[in-house]
Amino acid sequence: MKKAVLVFTVAVLFSSCIRNRNDEIADDKVEFTEETKMFVSTVQAKDEIPKEEKMAYIKINGSVIAENSVSVFPQVGGKLVNTFVRLGSSVRKGDAIAEINPSDAGSRYNNYIARSTISGVVTSIPLKEGSTVSTETVVAIVSDTSRLQILCDVPERHAAFLKKGLRAQVSLVAYPDEAFAARVETFSPVIDEIKRTKQVFLEFNEVDARIEAGMFAKLKLFIEE
């Protein structure tokens with residue numbers, strides 16, 4: 001009789017262990033399934049993010065400038081007696097810009113004509129007629145506005161990301177609702193020790209007659225390609 005009771009007790013305990021183990025296995029399966037669903041849901045959510053939003057970018061400001069711009073200096077000192085151009089005037093290489101009288105008191109010399117060394121547009125006339133000039137005085141600035149670019153300063157902490165061809169989205173104050181595409185063309189090989197920045201030059205992807213030299217630009221420079 002005692003043997004029968006002992007066998008019955010062992011059988012009950014063994015059956016209970018099997019049920020508990022099965023319950024644990026079932027619980028494990030439920031947890032694994034829930035984790036799998038959560039992982040799939042997360043991947044789908046990430047895939048819904050537009051590609052552009054995944055790209056890192058920095059916000060910087062810049063100015064639209066002419067790619068080629070020269071200052072006109074007289075080869076003699078004297079008095080500025082005549083200016084042949086106005087701000088915005090179109091000139092060709094060799095056109096007269098200003099007339100300087102080099103005469104001193106008690107002597108007389110022929111007037112000297114300062115000429116433009118490139119074709120373009122007069123973007124600055126800093127002096128008025130009657131001003132005294134020297135060979136280091138700028139009498140005008142002529143710019144080739146057919147090729148414009150953007151000049152900006154990138155902080156030193158982002159300098160490692162710079163490379164030719166980086167894309168940028170440009171917003172101009174004059175056209176706040178439009179975005180213009182540009183790319184990095186070149187940049188300074190050194191860091192400015194005072195501003196702790198590096199000069200970067202960008203070119204517009206397309207020529208647009210509305211864009212003018214001197215415009216203020218806001219940029220999103222994408223630093224991951």
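**Exercise 1. Find which strand gives the largest share of the lining of the largest pocket, and how many residues it gives.**

Start with the words. A pocket is an open set of points on a 1 Å grid over the protein atoms alone, where a 1.4 Å probe fits, with protein on both sides within 12 Å along at least five of seven lines; lining residues have an atom within 4 Å of a point. Strands (E, at least two residues) are DSSP runs, numbered from the N terminus.

Step 1: S8 gives the largest share of the lining, 4 residues.

Step 2: Keep in mind what you're looking at. This is a predicted model, where local features need pLDDT of at least 70, side-chain atom pairs count only at pLDDT 80 or more, and totals for chains, interfaces and linings use all residues. Residues are numbered from 1 along each chain as its sequence is written, and side-chain values use heavy atoms, with hydrogens and water left out.

Step 3: Now the space itself. The largest pocket holds about 370 Å³, a volume being the space filled by probe spheres set on the points, which are joined across faces, edges and corners. Of its 17 lining residues, Thr145, Ser146, Arg147, Leu148 and Ile211 are the closest to the centre. Strands S6 (120–124), S8 (140–155) and S11 (197–204) are the elements giving two or more residues to this lining.

**Exercise 2. Work out which strands S1 pairs with, and in which sense.**

Two strands pair if DSSP finds at least two bridges between them.

Step 1: S1 (residues 57–72) pairs with S12 (residues 216–222) in the antiparallel sense over 7 bridges. Here Lys59 stands opposite Lys220 in S12.

Step 2: S1 also pairs with S8, again antiparallel, over 10 bridges. On this side, Ser63 has Leu151 in S8 as its bridge partner.

**Exercise 3. Explain why one side of S5 and of S7 is left without a neighbour in the sheet.**

Step 1: Write down the order. The open sheet of 4 strands runs S5-S4-S2-S7, with antiparallel pairing.

Step 2: S5 (112–115) and S7 (132–133) stand at the edges with a single partner strand each, so one side of each has no neighbour in the sheet.

Step 3: S2 (residues 78–83) and S4 (residues 96–101) pair over 4 bridges in the antiparallel sense, and Asn82 stands opposite Glu99 in S4.

**Exercise 4. State the mean pLDDT of the protein chain.**

Solution: pLDDT is the predictor's confidence in each residue, from 0 to 100. The mean is 80, and 75% of the residues reach 70 or more.
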